[in-house]
Structure formats: structure tokens, C-alpha cells
Number of protein chains: 2
Amino acid sequence: MKLLEERILKEGTVIGNEVLKVDHFLNHQIDPVLMQAIGKEFARLFEGLGINKIITIESSGIAPAVFAGLEMGIPVIFARKHKSLTLTDNLYSSTVYSFTKKVSNEIAVSKQFLSQDDHVLLIDDFLANGQAAVGLIDICKQAGAHISGVGIVIEKSFQKGRALVEEQQIKIESLARIASFKDNQVVFVEE
Amino acid sequence: MKLLEERILKEGTVIGNEVLKVDHFLNHQIDPVLMQAIGKEFARLFEGLGINKIITIESSGIAPAVFAGLEMGIPVIFARKHKSLTLTDNLYSSTVYSFTKKVSNEIAVSKQFLSQDDHVLLIDDFLANGQAAVGLIDICKQAGAHISGVGIVIEKSFQKGRALVEEQQIKIESLARIASFKDNQVVFVEE
């Protein structure tokens, strides 16, 4: 997605060899106009698959997911990473290991919002080692829901996340695919 | 806002005397169509005040805030409650005490996204004891930013949050105002 790649080049900051900071429009400050365009692009890419629900994970997945949900006319569930006062029982949960933070987090979704009747699109802001995606897929499988696709805003294609999704025969679309960070510059995957 | 009150009556669950669970459309599953309507209503209520930025707090404030941001054509910043790998220094921060969870959390916003030139609308999903709102107001004041208003999706009017905002002479608009939970039923403030 050209608009997104341009914003990454203009406003993203590369830290070391692995971290891309996009706090200007996605992870801390959010550009709603860009998020709407992203939501429309996800809707286009996953059209005609009978998808009736989107699942994402707090917090940075929420903005792209709700605009996709509006465009597709379907609800969005966000998995919680942290204990909530009102989300306490009847949960599907999975453990997600963060390589960057070196901690494991439990993620959870209430059982009342996912069932075997659902055809789910999974949306997240980043895909790197794929641990969050695998955790969300695990939760969908516990519910017996069909996973119709995975939509990612920014994929670090030099890490293993995409392979982990593809080996489960799940359609995956990433709006920006990063091949490498070379001399602190973002290099996109050539199409 | 009639549409919102109807959804609260239809899908909200009252727990005890103080907790309203709205996991069906706001705090866990999100209804993007309702969120868009909420965003438009905030834009209408705070029109003409020269607002150039929205601030909210993760996670449940994000959906209403991004739709308001789209409608108003301005960016949204979400304060982080939890430490982030890429949000580490140059922060405005404040301590927010949660009466329900009985813990204090540090919330933080990067200094690069707030300044004395900003006219800020603060948006959040709930207002009860007002601690999150006061924390966000504190952060705006540290930046020297002007706080143009506070927009709340659901206000528990029997708690002190609204008074804490009003005593600072800040305009506040809540889309649903709850007078009490009587016999596990929601009673709205009469207009």
C-alpha cells in the first residue's frame, strides 16, 4: 500500500536492526485518515470470504481493525493482554511470548463473542515473530471458529511470523512488507 | 444520545451497585457503526473550538476517539498505561489511581506530540471517579496545552468525576449519563 509505505519512510524511525518506531501515525499518535484508508484496503483484500467478525489485540490493533469493521459492516473484538475488572471468566486464552520484551503475556477473549459459526479476520498492527498472531489463531481454534484471513499493517518479512501463518494454510495480506533495515533505512519487499 | 442509551439498556449488564459491563459494543467487542455515530456526535458537540488534537487512553478510549478524529480531521494520541518498548523517554506522565482495581498506574505521553500550541479534546469511554481524566488533564498542563473539552461516552453521574472536571472550568459532554443502578437496572439522568 503506497500511502502507508510513504508514511513509514517519512515518519518511521529505525532503532537498531529490528525495531521500527511508527509512533507518529499508528502506535501512539494515530492518523485517523490513514487508518480509514487501511480499513478500506483490508475490506477490499478480504472481500467475498463470508467474514462476519474481526479479532485484534489491544492496543495498537484497535484503530485499523475498527475502520475495517466499519467498511465491512461487522463487529470487532479486541483480545485483552491485561486483566480486566469485567473480563474475568468464561474466557478463551493463550500465552503470547514477546521476543522484544522477553516476557510472556496471557491474552484472552470472552467465550460469548466467538463460536463455531464465526468466520474471522485477524488484524494486527505488526507481524514479526508471529507470536501474537499464533495466539489469536489459537483462541479462534478453541472456539471452533473458522479463520478466514490475517491482515497485517506492517510486516517484518525477515522474521518468521508470515511463515507461521502460511504453514496453517491461512490467507495473509500485509499492507507494508519490510525486507530489511539497512543503514537505519527501511527497505521494502519488492513486489 | 438516544442510540447509545438504547444499546446500554439492551446489552449492558449491571454488576453490583457500581459496575456497568458494556463488553458487547465498547469494552471488548466493538460496534464500529455505533462508534462512528459517537465520533460524529463528539465532533458536533465540540465544533468551533479550534481543537487540533484528541487525547485518549488505551484501550477502550481508542475506538470512539479515532472516529471523532476522523470526523474532525485531526490526529489522536493515546496515553499508554503500560511500558512500551518504543516509548521510553521524553515523556509527560501522571499517576492514575483506579478505585475499582485498587492500584495506581503510570500513564504517559511522548513530549513530541503535545505542546503549548495544542487545543486538546480529551475523550474516554467511562467517567466515574475521574482519575483517568484528571491524569490526562495533568499531562496536557505539563505540556502547556489548552484543554478545550472533555468528551465521555458513559458517565456515572453519581460519582465525583464530572465535578472534578467542572471545577477546572473545562467544558464536559457525556453521551450517556447514568444517575443510578437501581435493582440492577440503569437509570439515566433526566435531561
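**View 1. Helix α2(B) passes helix α3(B) in a right-handed crossing.** A crossing is called right-handed if the near helix is turned clockwise from the far one by less than a right angle, and left-handed if it is turned anticlockwise. The model shown here is predicted, and for this reason local features need pLDDT of at least 70 and side-chain atom pairs count only at pLDDT 80 or more, whereas totals for chains, interfaces and linings use all residues. Residues are numbered from 1 along each chain as its sequence is written, while chains are lettered from A and ligands numbered from 1 in the order in which they are written. Helix α2 of chain B, residues 32–45, packs against α3(B) at an angle of about 55 degrees, and the two axes lie 7 Å apart; axes are lines fitted to C-alpha atoms, for helices over the stretch in contact, and angles run from 0 to 180 degrees between N-to-C directions. The two helices are therefore oblique to each other, a term for whatever remains once angles under 35 degrees are taken as roughly parallel, over 145 as roughly antiparallel and 65 to 115 as roughly perpendicular. Helices (H or I, at least four residues) and strands (E, at least two) are DSSP runs, numbered from the N terminus.

**View 2. Residues that make the contact of α2(B) with α3(B).** From α2(B) the contributors are Met35(B), Gln36(B), Ile38(B), Gly39(B), Lys40(B), Phe42(B) and Ala43(B), and from α3(B) they are Ala63(B), Pro64(B), Phe67(B), Ala68(B), Leu70(B), Glu71(B) and Met72(B). Two residues are in contact if their C-beta atoms, placed from the backbone, lie within 7 Å. By class, the residues of this contact comprise 10 nonpolar, two polar and two charged, where Ala, Val, Leu, Ile, Met, Phe, Trp, Tyr, Cys and Pro count as nonpolar, Asp, Glu, Lys and Arg as charged, and the others, Gly among them, as polar.

**View 3. The side of chain B that touches chain A.** Across this interface, 31 residues of chain B are in contact with 31 residues of chain A. On the chain B side, at least two residues each are supplied by β2 (19–21), β3 (29–30), α2, α3 and β5 (76–79), and the largest share, five residues, comes from α3(B). The residues of chain B on this side divide into 16 nonpolar, 10 polar and five charged.

**View 4. Leu20(A), Asn27(A) and Lys156(A) under a "binding site" annotation.** The annotation comes from an unreviewed UniProt entry; UniProt positions are given in the numbering used here, feature names are shortened, and annotations may be inferred rather than shown by experiment. Leu20(A) is placed in strand β2 of chain A, residues 19–21, and counts as buried because 20 C-beta neighbours lie inside 10 Å. Buried means that 20 or more other C-beta atoms lie within 10 Å of the residue's own, exposed that 12 or fewer do, and partly exposed is in between, with C-beta atoms placed from the backbone. Not counting residues up to four places away in sequence, Leu20(A) touches Gly12(A), Val14(A), Ile154(A), Ile178(A) and Val186(A). Asn27(A), in the loop between β2 and β3 (29–30) of chain A, is buried as well, since 23 other C-beta atoms lie within 10 Å.

View 5. Ala128(A) belongs to the loop between β8 (119–127) and α4 (131–143) of chain A and is buried, with 24 other C-beta atoms within 10 Å. With neighbours within four places in sequence left aside, Ala128(A) is in contact with Lys156(A), Gln159(A) and Gly161(A). Gln131(A), by contrast, lies in helix α4 of chain A, and with 21 C-beta neighbours inside 10 Å it counts as buried. Under the convention that leaves aside neighbours within four places in sequence, Gln131(A) contacts Val96(A), Tyr97(A) and Ser98(A).

**View 6. The cis peptide bonds from Glu58 to Ser59 in chain A and in chain B.** In chain A, omega of the bond joining Glu58(A) and Ser59(A) is about -5 degrees, and Ser59(A) lies in the loop between β4 (53–57) and α3 (62–72). In chain B, the bond from Glu58(B) to Ser59(B) has omega near 0 degrees, and Ser59(B) is found in the loop between β4 (53–57) and α3 (62–72) of that chain.

**View 7. Positive phi at Asp183(A) and at Gln169(B).** Asp183(A) is not a glycine, yet its phi is positive, at about 50 degrees; this residue is found in the loop between β10 (172–182) and β11 (185–188) of chain A and counts as exposed, with 7 C-beta neighbours inside 10 Å. Gln169(B), likewise a residue other than glycine, has phi near 55 degrees, is placed in the loop between α5 (161–166) and β10 (172–182) of chain B, and is exposed, with 7 other C-beta atoms within 10 Å.
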